[in-house]
Amino acid sequence: MLFADDIVLIDEMRNRVNVRLEVWRQTLESKGFRLSRNKTEYLGCKFSDVLDETDVEVRLATQIIPKKKVLNIDDVVTHRIGVARRKWRLASGILCDKKIPPKLKGKFYRVVVRPALLYGVECWPVKNAHVQKMHVAEMRMLR
């Protein structure tokens with residue numbers, strides 16, 4: 001079963017969000033994807049001061065989708081580093097084997113470990129401290 005991840009749904013009219021969310025869910029399921037109702041949450045963006053979002057309920061069928069208060073990039077960076085370390089540990093039998101050529105180890109690292117570290121980074125508002133933290137974690141794994 002395939003899962004969709006990190007989907008953006010934008011609508012200026014708050015009352016149409018639920019309709020669009022249901023149509024989106026049906027489209028995904030028709031293509032073989034599945035939406036996890038337990039893990040789904042939304043992050044609201046207030047583009048203007050005109051609309052009041054206090055009474056808005058986002059629903060998927062009958063289930064109310066919880067609103068996430070803030071996206072904490074520090075937590076996301078720490079999580080991605082942890083995921084990359086777990087992938088590195090799983091691959092340490094290959095990466096630490098002296099019989100395997102270094103060039104092949106490098107390719108393996110770039111295909112397995114680095115994507116786990118950098119997953120989703122293109123949409124993060126990162127700071128230099130986050131980049132440095134990820135660089136330090138990567139250098140520790142490469143040593």
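# Touring a predicted model

In this predicted model, residues 24 or more positions apart supply 65% of the contacts in the chain that have a separation of 6 or more.

Visitor: What pattern do the helices and strands follow along the sequence?
Guide: Start with the inventory: the chain has four helices and four strands. Read along the sequence, they come in the order β-α-β-β-β-α-α-α.

Visitor: Which helices do the buried residues of H4 pack against?
Guide: H4 covers residues 128-142, and its 15 residues reach 21 Å from first C-alpha to last, close to the 21 Å expected. Its buried residues are His130, Met134, Ala137, Glu138 and Met141. They sit on the same side of H4, because they cover an arc of only 95 degrees around the axis. What they pack against is helix H2 (73-95) and helix H3 (102-118).

Visitor: Which element gives the largest share of the largest nonpolar core?
Guide: That core has 13 residues, and Val77, Ile81, Val113 and Met134 have the most contacts inside it. H2, H3 and H4 are the elements that give two or more residues to it. The largest share, six residues, comes from H2.

Visitor: Leaving aside neighbours within four places in sequence, which residues is Met134 in contact with?
Guide: With neighbours within four places in sequence left aside, its contacts are Val77, Ile81, Leu117, Leu118 and Trp124.

Visitor: Is Glu138 buried or exposed?
Guide: Glu138 belongs to helix H4, and its side chain makes a polar contact with the side chain of Tyr109 at 3.3 Å. Leaving aside neighbours within four places in sequence, Glu138 touches Tyr109, Arg114 and Leu117. The cut-off for burial is under 20% relative accessible area. Glu138 has 14% relative accessibility, so it counts as buried.

Visitor: How far is the backbone oxygen of Ala116 from a polar atom of the Arg80 side chain?
Guide: Arg80 is in helix H2, and it counts as buried because its relative accessibility is 12%. Leaving aside neighbours within four places in sequence, Arg80 is in contact with Ala116, Leu117, Tyr119 and Trp124. For the polar atom of its side chain and the backbone oxygen of Ala116, the distance is 2.7 Å.

Visitor: What separates the C-alpha atoms of Glu57 and Lys67?
Guide: Glu57 is in the loop between strand S2 (33-34) and strand S3 (59-60). With a relative accessible area of 40%, Glu57 is partly exposed. Lys67 is ten residues from Glu57 along the chain, and their C-alpha atoms are separated by 9.0 Å.

Conventions:
Residues are numbered from 1 along each chain as its sequence is written. This is a predicted model: local features need pLDDT of at least 70, side-chain atom pairs count only at pLDDT 80 or more; totals for chains, interfaces and linings use all residues. Side-chain values use heavy atoms; hydrogens and water are left out. The expected span of a helix is 1.5 Å times one less than its number of residues. Buried means under 20% relative accessible area, exposed over 50%, partly exposed in between (1.4 Å probe, protein chains only). The arc is that of the directions from the helix axis to the C-beta atoms. Contact means heavy atoms within 4.5 Å. A nonpolar core is a set of buried Ala, Val, Leu, Ile, Met, Phe, Trp, Tyr and Cys residues joined through side-chain atoms within 4.5 Å. A polar contact is a pair of N or O atoms within 3.5 Å; within protein, one must be able to donate a hydrogen and the other to accept it, and residues adjacent in sequence count only if both atoms are side-chain atoms.
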